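Good morning, colleagues. Please take a moment to look at the sequence and the model.

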Amino acid sequence: MNTFNSLLEKIESAKALDFGTIFNESIELFKKTWLQGFLLQLFTIIIIMPLIIILYLPLIGMIIAQQESGYSDPEAFSGLFAGMSILYILFVIVGIFVLGALTVALNAAFFRIMQKLDYNQAVTTSDFFYFIKGKYLSKIFVLMLASFGIAILAALLCYLPIFYVMIPLSYFSLIYAFNPELSVGEIVKTSFKLGHKKWLLTFGLMIVSSILSQIVGFLLCGIGLLFTASFVYHPIYLIYKNSIGFNDTDPIQEIGTLPE
C-alpha cells in the first residue's frame, strides 16, 4: 500500500514519459474498456437526471401552462425565478454537491475497473459502486468541496490559473481511487505534485484525446459520444501507472520478489 511520502518520492523520481507512447497505449487500453466506459456514461446520466428534472420542472410547468392558455408572458420567467424560495435554492445546491459526489465515486470506480481490465482481470457491473458507501462518500464529498474551492479561487484570479489547476484537479479522483486511505489534504497535495510534474504531457494528452473522442463520437451520429467520452480518462490513468504504479497488483513490480 502506498503511503503519502512514498507517493511523493515516486512522483519526484518518475521517468520522463513519451506522448506518443502514452497515446498509443490509451487507444489499446480503450479497446478493452469501451463497454465499461459506455456504462459509466449511462450511470452518470441516471444520477444527474433527477436533479435536472427538479431544477427544470417549475420552468417546464409554466411553459406548458402558457401554451395551454395561448398567452405568453415574457415577464413570467423573471417572476418565476424571483419567487423561488431560499429553501428550494439550497435544496438545488445541496443536490448538486451530493450528485456530484456520486459522479466522482463512479469515476474513481472506473479507474479501478480500468486497472483490472489492463491486467486482464474479471470485472462486474457492481464494481462501479465500489465507492458508493458511507465511509468513502464522506471523504469524496469533502474532496469535491476542496476541488470546488480551488476552482473558484483560480477563477477569481482572472481565470488564467484555471489552465494550471485543471490538470491537478483531474487527478483527484484517480489518486483517491488507488489510495483511499489518504486524507483529503494528502490527496490534494499528491494530485498537485503529479499534475505539476506531468503538466504539459497531461494537458496535451487531454486536449488531443478530448478532441478525438468528440470527433469520433459525432461521426457515429452523436450517440457515439456515450462510447467515446470515457477515452479522456485513459491517458491520465497511464501517466499514473507509469509514474507511481500499483504495488499490490502490478506484476512487473513483483518480478524479483517471487521465491526462487
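Which residues of the largest nonpolar core touch the most other members? Before I answer, a word on the source: this is a predicted model, in which local features need pLDDT of at least 70 and side-chain atom pairs count only at pLDDT 80 or more, while totals for chains, interfaces and linings use all residues. Residues are numbered from 1 along each chain as its sequence is written, and side-chain values use heavy atoms, with hydrogens and water left out.

The answer is F131, Y237 and Y240, in a core of 55 residues. At least two residues of this core come from each of α1 (4-12), α2 (19-69), α4, α5, α7, α8 (184-197), α9 and α11. The largest share, 14 residues, is supplied by α4. By a nonpolar core I mean a set of buried Ala, Val, Leu, Ile, Met, Phe, Trp, Tyr and Cys residues joined through side-chain atoms within 4.5 Å. Buried, in turn, means under 20% relative accessible area, exposed means over 50%, and partly exposed lies in between, with a 1.4 Å probe and protein chains only.

Let me now step back to the whole protein. It has 11 helices and zero strands. Both are DSSP runs numbered from the N terminus, helices being H or I of at least four residues and strands E of at least two. Of the 260 residues in the protein, 40% are buried. The accessible surface comes to about 14,200 Å², and 72% of that belongs to carbon and sulfur atoms; such areas come from the Shrake-Rupley method with a 1.4 Å probe, and for residues only the protein chains shown count as cover. As for contacts, meaning heavy atoms within 4.5 Å, 75% of those between residues at least 6 apart in sequence join residues at least 24 apart.

Why is α11 described as largely enclosed by the rest of the structure? Eight of its 11 residues are buried, so the rest of the structure largely encloses it. The buried residues are H234, P235, I236, Y237, L238, I239, Y240 and S243.

Y237, leaving aside neighbours within four places in sequence, is in contact with L29, F111, M114, Q115, D118, Y119, L174, F178 and F246. I239 has a relative accessible area of 0%. I239 and L17 are 222 residues apart along the chain, yet their C-alpha atoms are separated by 7.8 Å. Just after α11, G245 takes a positive phi of about 85°.

I167 is at 0% relative accessibility. Beyond four places in sequence, I167 is in contact with G195, W199, T202, F203 and M206. From I167 to G195 the C-alpha distance is 5.6 Å, across 28 residues of sequence.

In helix α9, which spans residues 199-219, we find S213. S213 is buried, at 6% relative accessibility. Not counting residues up to four places away in sequence, S213 touches L225, T228, F231 and V232.

Is N120 buried or exposed? N120 is exposed, with a relative accessible area of 66%. It is found in the loop between α4 and α5.

Finally, the largest pocket. About 470 Å³ of space lies within it. A pocket here is an open set of points on a 1 Å grid over the protein atoms alone, where a 1.4 Å probe fits, with protein on both sides within 12 Å along at least five of seven lines; lining residues have an atom within 4 Å of a point. Grid points are joined across faces, edges and corners, and the volume is the space filled by probe spheres set on the points.

The lining has 16 residues, and V104, N107, L169, S170 and S173 lie nearest the centre of the pocket. Helix α5 gives the largest share of the lining, four residues. By class, the lining has 12 nonpolar, four polar and no charged residues. Here Ala, Val, Leu, Ile, Met, Phe, Trp, Tyr, Cys and Pro count as nonpolar, Asp, Glu, Lys and Arg as charged, and the others, Gly among them, as polar.
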